[in-house]
Amino acid sequence: MEDDQKGLTFQSFYKNGYPELWEKVKTIRKIAFMDEHKVPAKLEFDEHDDLAVHFLLFQDDIPVGCARLTRRGDDWYMGRLAIIRSQRGRGLGTFMIRKMIECCKERGIPSIIISSLAHLKVIYKKLGFVEFGEEFEQAGLQLIHMRYDIV
């Protein structure tokens, strides 16, 4: 999916159908979550990856961001959103979230739940997400559940 921002390409895929794209996702997540946030590999890569819709954001054919969309029961979860450090602060995360919301609309998904890093919840609020529940700790990170209603 090509966008009007110069050089940006957004692609969705399933892990088993595109092993070369999955390797790019693994590299970004390893750097962003395991190296930077010290998340253990057994928590970072889990059983949800096999059935998730994965997303990659490319800048001039170079992978700069990733995320995934998973279904658990009746709920859909957006997670593992990461932008490589050198590309942060350019609005690429916001761009990626908007593109993922578009994909959810196309698939008829009624709402999305995220576990946002607590210090980033203001960004998600600006995009229309609403927090629910209390902040909690997981893998050493302070998180908050948030929901975006599509319909």
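Student: Which residue stands opposite Phe 136 in E7?

Tutor: Leu 143 does. Keep in mind that we're reading a predicted model. To place a pair like this one, look at the strands around it: E6 and E7 pair in the antiparallel sense, over six bridges.

Student: And how many residues sit between the strands in that hairpin?

Tutor: Two, and Ala 139 in this hairpin takes a positive phi near 55°.

Student: Zooming out, what is the strand order of the sheet?

Tutor: The order is E1-E2-E3-E4-E5-E7-E6, an open sheet of seven strands with mixed pairing. Strand E1 (8–14) and strand E6 (130–138) stand at the edges; each has a single partner strand, so one side of each is left without a neighbour in the sheet. From one strand to the next, the twist averages 25°.

Student: How do E2 and E3 run, parallel or antiparallel?

Tutor: Antiparallel: seven bridges join strand E2 (residues 53–59) to strand E3 (residues 62–72).

Student: Which strands do the helices touch?

Tutor: Take them one by one. Helix H1 (residues 19–35) packs on the sheet, touching E1, E2, E3 and strand E4 (75–83), and its direction makes about 80° with that of E2. Helix H3 (residues 92–107) also packs on the sheet, and touches E1, E2, E3, E4, strand E5 (111–117) and strand E7 (141–149). The direction of H3 makes about 155° with that of E4.

Student: What volume does the largest pocket have?

Tutor: About 1,100 Å³. With a pocket, go on from the volume to the lining. Of the 42 residues that line this one, Phe 33, Arg 80, Leu 81, Ser 115 and Leu 117 are the closest to its centre. E4 gives the largest share of the lining, seven residues.

Student: How do the lining residues divide by type?

Tutor: There are 20 nonpolar, 14 polar and eight charged residues in the lining of the largest pocket.

Student: Last one: how many salt bridges are there?

Tutor: The count is 15, using a cut-off of 4 Å between nitrogen and oxygen. One to look at is Lys 26 with Glu 23, where the closest N and O atoms are 3.1 Å apart.

Student: Why are Lys 26 and Glu 23 separated by about one helical turn?

Tutor: Because they are three residues apart in helix H1.

How values were computed:
Residues numbered from 1 in each chain as written. Predicted model: local features only at pLDDT ≥ 70, side-chain atom pairs only at ≥ 80, totals over all residues. Heavy atoms only, no water. Pairing = 2+ DSSP bridges. Helix = DSSP H or I, 4+ residues; strand = E, 2+ residues; numbered from the N terminus. Axes fitted to C-alpha atoms, helices over the stretch in contact; angles between N-to-C directions. Contact = heavy atoms within 4.5 Å. 1 Å grid on protein atoms, 1.4 Å probe; cavity = no way out; pocket = protein on both sides within 12 Å on 5 of 7 lines; lining within 4 Å. Points joined across faces, edges and corners; volume = space filled by probe spheres on them. Nonpolar A, V, L, I, M, F, W, Y, C, P; charged D, E, K, R; others polar. Salt bridge = Lys/Arg side-chain N within 4 Å of Asp/Glu carboxyl O.
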